[in-house]
Amino acid sequence: MADLVRIAFAVAAKDLRVEFRTRSTLLAAAVFAALILVVFNFSRDPTAVPDSVIGPTALWVAVAFAAVVALNRGFILERQNAAMDALRLAPAPRGALFLGKMVANLVFVLLVEAIAAPLAVLFFDLPLTTAGWGLPLLLVLASVGLVAVGTLLSAMAVRTRFAELMLPVLLLPFLVPPLTAAAGASQRLFDGRPLSEVVGWLRFLAVYDLVFVTLGLLLFSAVIDE
Amino acid sequence: MPSAEPGLLEARRITRRYGRTAVLGGVDLSIGAGECLLIAGPNGTGKSTLLRILAGLTRPDGGSVRLGGVPVVEARGRLGYLGHETFLYDDLTVAENLTFAMRLQGCDVPGALGAVLARAELLPHRDRLVRHLSRGLAQRAALARALIHSPPVVLLDEPFTGLDAASAAALTSVLIEMRTAGVAIILVGHRAEEGWDAVTRVAVLANGGWVHEGPRPATVPEFEERVREVLRG
Amino acid sequence: MNDQLARARALLSLGGWITLVALLGAAGVVVLALQFTPTEVSQGLAQKIFYIHPPAAWGAMLAFSLCGIASIAFLFLGDLRLDRFAASSAEVGLAFSAVMLTTGPIWGKPIWGTWWDWDPRLTLTLLLFFLFLGYGALRNAVHDPRERARYSAVVGIMALVLVPFIHLSVYLFRTIHPKPVVLRPDGPALPPEMLRTFLLSVAVFTLLYVGLVIMRYALGLAKDHAEALAGGEDV
């Protein structure tokens, strides 16, 4: 167990260290998310579709795109100098490798959200104080689910020729449950409904996360070992 | 393949196909402590594939590989492998790469990094990014990474590529040191004079199997002549 | 391994016959539905699609579940035949969901006034369709048979686990899909003739699934044989 955590931490730290040194993907993802928010604003008639409706939607779409950018980066890094082989050669539990990659992806996505969410609040005049702690909670819960599924899928997609296309194709159906739950719940929160009313959605997200993280831990070996 | 000692690393009836070709057709191999085996042969005959299979990276279509009696995939920590790529992250420093490797292998103890860097003569370069290293330095770092957990079995695929004469000589003495300390080494190379002094046994792989194997001849020209003979016939 | 080719041929004809019987059965169901089954009062003739749409849905779910189960079995047993079966099941499931996605709107237009709406069951089918497509795309993009089998198995299992979540999340929205008529706690609410036609259709689609999967499996077997020949193995 200690092994698992130790190695996961080492892998995540390594990924993040590389990312912070180059910073290119983080910047690209943040800019991408901001652009999406802007496009959403101009793509509707402001008198017909109110800010409070388009705002949360735009935010969740931006989150989904940022996640895809993050996920692609993850395993492309390991193609450098065949680093992936080094991971496979290590006497490391495969679950630890999955966890490490997943945590790195999660940090990345949360950082992009830390930029995108305030922007969405700003652009769409979303009542942040009304939503309160519910919003960050939703962001974290939804992100864990997306990243768990995405880490597993991107490990496979990266081995195909059109990796950047293959990942979204595989990922799309898996995005529906967390995004519907998160969008529905955030909509309610911005409308001023209390946190207790969206507990069902939160529970849904938590179960989704638990199930797919577990599945990732179990199935990662089938993906990376021959 | 006969060996002087009971095999530390034993491979039996290894077969591997790659689409159109049967690259390895039932290869046996056995190597014991303190031996250094050179595997030579024409390009594309499966030497690298065999090494990858021995390392547990590639799964053979048939046969088994055992290290110290257990399947190699369960004994990864006791094996060191260096392939054609360096396994290093270009955007991390030498020190960061080696630290990560130690953490993966579970041998990350205080002070260990310093010792590794000193032994590999990489101390002056410890904080340089790998992408700024010369080929020779990168190869040295890669080797240090592969051996960082002091494994009893070491597999090296053309480790002399890109090394200048001085570095090659240094590598050869490292190999001799390791061998004397009881490490089992398998080298794949295609220029026999590289590392010749460290080698104790030779074997030639062609057409999916061994066409020659035995103790190392006295000189390189002798060996090369032998290789030419077996490949002709 | 010429017996592999012979086996493929035998399976192909077995599958062919079963499919033929199923198709004849399907024709029979159509006749039964149009001529011998009472027309439903409120929905009229368009309601008759009820005898195709839900049974095709059943076929798709069957295909999907068996694919997932075969995937789990493959990861434990490593038998490539399980992978071949899973792939065949997924392709047949893709066909069935395509049928549903076309018959759904055909029914929907006269009843709901729109070709498409995000009705939960239709949405679920659409997502299943995408899952099958993704599975197929991944298989196409990976060339090594063992790697392809491992990856397909992982995606198959993930998809299986995903479905309950999709089911729950699409039901978070309003439904205008007709409420379940057959799978109800207090028994089917259908007059006997309608029930008879419906059950017959379910049986026919099940048979169709079996026949198509066997044929697809046979083709997979033949294709693997051809690949082995190209690879220079002794066959």
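Visitor: Which strands of chain B does helix 5 lie across?

Guide: Keep in mind that this is a predicted model. Helix 5 (residues 165–180) of chain B lies across strand 3 (36–40), strand 7 and strand 8 (184–188) of chain B. Its direction makes about 145 degrees with strand 8 of chain B.

Visitor: What is the strand order of the six-stranded sheet in chain B?

Guide: The order is 6-7-8-3-9-10, in an open sheet with mixed pairing. On average, neighbouring strands of that sheet are turned by 15 degrees against each other, direction ignored.

Visitor: What makes strand 6 and strand 10 of chain B edge strands?

Guide: Strand 6 (79–82) and strand 10 (209–215) of chain B each pair on one side only.

Visitor: How do you know that strand 6 of chain B pairs with strand 7 of chain B?

Guide: Pairing takes at least two bridges between the strands. Strand 6 of chain B is joined to strand 7 (residues 153–157) of chain B by four bridges, so the pair qualifies. The two run parallel, and Gly80(B) stands opposite Val154(B) in strand 7 of chain B.

Visitor: What about the four-stranded sheet: what are its order and pairing?

Guide: That open sheet of chain B has the order 2-1-4-5 and antiparallel pairing. Its edge strands are strand 2 (21–31) and strand 5 (70–71) of chain B, each of which pairs on one side only.

Visitor: How many bridges join strand 4 of chain B to strand 5 of chain B?

Guide: Two bridges join strand 4 (residues 62–67) of chain B to strand 5 of chain B. The cut-off is at least two, so they count as paired. They run antiparallel, with Leu67(B) opposite Val70(B) in strand 5 of chain B.

Visitor: Which helix packs on that sheet?

Guide: Helix 1 (residues 47–55) of chain B does, touching strand 1 (9–18), strand 2 and strand 4 of chain B. Helix 1 of chain B makes about 125 degrees with the direction of strand 1 of chain B.

Visitor: Why are helix 2 and helix 4 of chain B called roughly parallel?

Guide: Helix 2 (residues 94–105) and helix 4 (residues 135–146) of chain B pack at an angle of about 20 degrees, with their axes 9 Å apart. Angles under 35 degrees count as roughly parallel, so helix 2 of chain B is roughly parallel to helix 4 of chain B. The crossing is right-handed.

Visitor: Which residues meet there?

Guide: From helix 2 of chain B come Val94(B), Asn97(B), Leu98(B) and Ala101(B), and they meet Ala141(B), Ala144(B) and Arg145(B) in helix 4 of chain B. That contact divides into five nonpolar, one polar and one charged.

Visitor: How does chain A's radius of gyration sit against a compact globule?

Guide: A compact globule of 226 residues would have a radius of gyration near 17 Å, and the 18 Å of chain A agrees with that. Chain A has nine helices and zero strands, and its C-alpha trace spans about 60 × 35 × 30 Å along the principal axes.

Visitor: Which element of chain A gives the most to the side that touches chain C?

Guide: The contact takes 24 residues from chain A and 23 residues from chain C. Helix 8 of chain A gives the most to chain A's side, with 11 residues. Chain A's side divides into 19 nonpolar, three polar and two charged.

Visitor: Why are helix 8 of chain A and helix 5 of chain C called roughly parallel?

Guide: Their axes come within 10 Å and cross at roughly 30 degrees. The cut-off is under 35 degrees, so helix 8 of chain A and helix 5 of chain C are roughly parallel to each other. Helix 8 of chain A passes helix 5 of chain C in a left-handed crossing. Among the residues making the contact are Phe174(A) and Pro177(A) of helix 8 of chain A, and Phe165(C) and Ile166(C) of helix 5 of chain C. This helix pair's contact divides into 10 nonpolar, two polar and no charged.

How values were computed: Residues are numbered from 1 along each chain as its sequence is written. Chains are lettered from A and ligands numbered from 1 in the order in which they are written. This is a predicted model: local features need pLDDT of at least 70, side-chain atom pairs count only at pLDDT 80 or more; totals for chains, interfaces and linings use all residues. Two residues are in contact if their C-beta atoms, placed from the backbone, lie within 7 Å. Ala, Val, Leu, Ile, Met, Phe, Trp, Tyr, Cys and Pro count as nonpolar, Asp, Glu, Lys and Arg as charged, and the others, Gly among them, as polar. Axes are lines fitted to C-alpha atoms, for helices over the stretch in contact, and angles run from 0 to 180 degrees between N-to-C directions. Angles under 35 degrees count as roughly parallel, over 145 as roughly antiparallel, 65 to 115 as roughly perpendicular and the rest as oblique. A crossing is left-handed if the near helix is turned anticlockwise from the far one by less than a right angle, and right-handed if clockwise. The radius of gyration is taken over C-alpha atoms; the globule rule is 2.2 Å times the number of residues to the power 0.38.
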